[in-house]
Amino acid sequence: GVSVRQYCIRRFGAKSVSVEALHDLEVSYNDALNALVRFLSRRVHLISRFFPHLASTFGTIHSQVEASMRNNRLQLLKMRQ
């Protein structure tokens, strides 16, 4: 399988797509990542409340996931320049 990010870069990285369409796609994709990070953050908070002895472990994992998502944001407009 191909990731959504790889597909978008391959499909919409071409010069034939308008800047407005690239912007809309980039914003939508990155907003979905932001929503996922918020969901994961709430999950970590809930686990930390019910299982305090696991709080540091889940906090570390969540930090790593959040950093990875920040690095994987689409930057189609930047690529086009």
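## A helical chain and its nonpolar core

The largest nonpolar core of this predicted model has 7 residues in all: Cys-8, Tyr-29, Leu-33, Val-37, Leu-40, Met-69 and Leu-74. Helix α2 gives the largest share of this core, with 4 residues. A nonpolar core here is a set of buried Ala, Val, Leu, Ile, Met, Phe, Trp, Tyr and Cys residues joined through side-chain atoms within 4.5 Å. Buried means under 20% relative accessible area, exposed means over 50%, and partly exposed lies in between (1.4 Å probe, protein chains only).

A few words on how to read the model. Residues are numbered from 1 along each chain as its sequence is written. Because the model is predicted, local features need pLDDT of at least 70 and side-chain atom pairs count only at pLDDT 80 or more, while totals for chains, interfaces and linings use all residues, and side-chain values use heavy atoms, with hydrogens and water left out.

### The chain as a whole

The protein chain has 4 helices and 0 strands, and along the sequence the pattern reads α-α-α-α. Helices (H or I, at least four residues) and strands (E, at least two) are DSSP runs, numbered from the N terminus. Of the 81 residues in the protein chain, 20% are buried. The accessible surface comes to about 6,000 Å², and carbon and sulfur atoms hold 58% of that; such areas come from the Shrake-Rupley method with a 1.4 Å probe, and for residues only the protein chains shown count as cover.

Contact means heavy atoms within 4.5 Å. Among contacts between residues at least 6 apart in sequence, 78% join residues at least 24 apart.

How confident is the predictor? The mean pLDDT (confidence in each residue, from 0 to 100) of the protein chain is 78, and 78% of its residues reach 70 or more. Confidence is highest in α2, at a mean of 85, and lowest in helix α4 (residues 76–80), at 58.

### Residues worth a look

| Residue | Relative accessibility | Class |
|---|---|---|
| Leu-74 | 1% | buried |
| Asn-30 | 12% | buried |
| His-62 | 13% | buried |
| Ser-48 | 21% | partly exposed |
| Leu-54 | 31% | partly exposed |

Start with Leu-74, which sits in the loop between α3 and α4 and belongs to the core described above. Leu-74 counts as buried because its relative accessibility is 1%.

Which residues does Asn-30 contact, leaving aside neighbours within four places in sequence? They are Arg-73 and Leu-74. Asn-30 itself is in helix α2.

His-62 is in helix α3. Not counting residues up to four places away in sequence, His-62 touches Val-37, Leu-40, Ser-41 and Val-44. Val-37 and Leu-40 are also among the core residues.

Ser-48 is found in helix α2.

Leu-46, Phe-50, Phe-51 and Leu-54 make a nonpolar surface patch of about 400 Å². Patches are made of residues with over 30% relative accessible area and no salt bridge: like charges are joined within 9 Å, and nonpolar side chains (Val, Leu, Ile, Met, Phe, Trp, Tyr) within 5 Å. A salt bridge is a side-chain nitrogen of Lys or Arg within 4 Å of a carboxyl oxygen of Asp or Glu. Leu-54 lies in the loop between α2 (19–50) and α3 (55–71).

Definitions and conventions:
pLDDT is the predictor's confidence in each residue, from 0 to 100.
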